[in-house]
Amino acid sequence: MTKVGIIGATGMAGSAAFKEAQSAGLDVTAIVRNKSKAKDKLGDSIQILEKDAFALDHDDLANFDVVVDAFSTDPAQAYLHVDLTAHLISLFRETQQPRFIFILGAGSLHTGDDHHLVVEDIKKVPGAETFINTPINQLAELHFLQDVTNVNWVGISPASSFVAGEASDNILYGTEELLTDKDGNSETTGGTMAKAIVKEIQEPSHKQERFTVANG
C-alpha cells in the first residue's frame, strides 16, 4: 500500500488531501504540529507524526512513498514556503524516494495574450499589499524547484481562486496557463485539488515539473 505523508494536514488543502487519500485506500499520515487539533479535524484513529515541519529529518520521511507539502502560513512569513521546500529537498538529494508533491500558487501561472505572470495581476488587486507576499514567495518556490534535478518532485498550482469546497465533477488540467471554465471563472476547490493530488499519486504523470488544475 502506498504510504503518504501530508505536511499541513489540518489546513484547507491538506485536510482535503488527507481525506481523499484515506478514501482512496492509501496509507496516509498527518504530519502536523498539534496532534489534538489533527484528531479533532480528521478523526481519532488517524496516523499522526507530530513535529514541526522545519524539524523533520531524513528518518522521519524516508519510509514514505510520497510526501505532500500543504504547508501554509501568514503572508508576513511567506518566505517560509521557500525555506521549507529547500529544507525538504536538502534531505533527499540524489534520491527517488519519497516523491514530493508541492502545492504551489496561481501567481506563477501565465495568462493573457502576452502570457504575463498572474502575480502581476494580483499586485493590482485592491488591498493586495496584505497578501501579495504569498504569491511572490510561491513563485520563488517554483523557481527553486525548477533547478532541482536530483530529487523526485512535482508541483501543482490551483486557479486564481483557491477555496474550500467539494471536488468539481469536471476537473480541468493544464501546465503553465491559468485555467478558466466555460463561463470564465478561475477557481479550484480544496476537493478538486485533493482529487488531482491523489490521481497523481496513484497514476504518476509528471516529474520535476508543475501542472495546474481547476474546476470545470
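Trainee: Which residues lie nearest the centre of the second largest pocket?
Mentor: This is a predicted model, in which local features need pLDDT of at least 70 and side-chain atom pairs pLDDT 80 or more, whereas totals for chains, interfaces and linings use all residues. Residues are numbered from 1 along each chain as its sequence is written, and side-chain values use heavy atoms, without hydrogens and water. A pocket is an open set of points on a 1 Å grid over the protein atoms alone, where a 1.4 Å probe fits, with protein on both sides within 12 Å along at least five of seven lines, and its lining residues have an atom within 4 Å of a point. Of the 18 residues lining the second largest pocket, those nearest its centre are Gly8, Thr10, Arg33, Phe71 and Ser72.

Trainee: Is Arg210 buried or exposed?
Mentor: Arg210 is found in strand 12, residues 210–215, a strand being a DSSP run of E with at least two residues, numbered from the N terminus. Buried means under 20% relative accessible area and exposed over 50%, with a 1.4 Å probe and protein chains only. Because the relative accessible area of Arg210 is 4%, this residue is buried.

Trainee: Which side chain is joined to that of Arg210 by a polar contact of 2.7 Å?
Mentor: A polar contact is a pair of N or O atoms within 3.5 Å, one able to donate a hydrogen and the other to accept it. The polar contact of 2.7 Å joins the side chain of Arg210 to that of Ser108.

How values were computed
Helix = DSSP H or I, 4+ residues; strand = E, 2+ residues; numbered from the N terminus.
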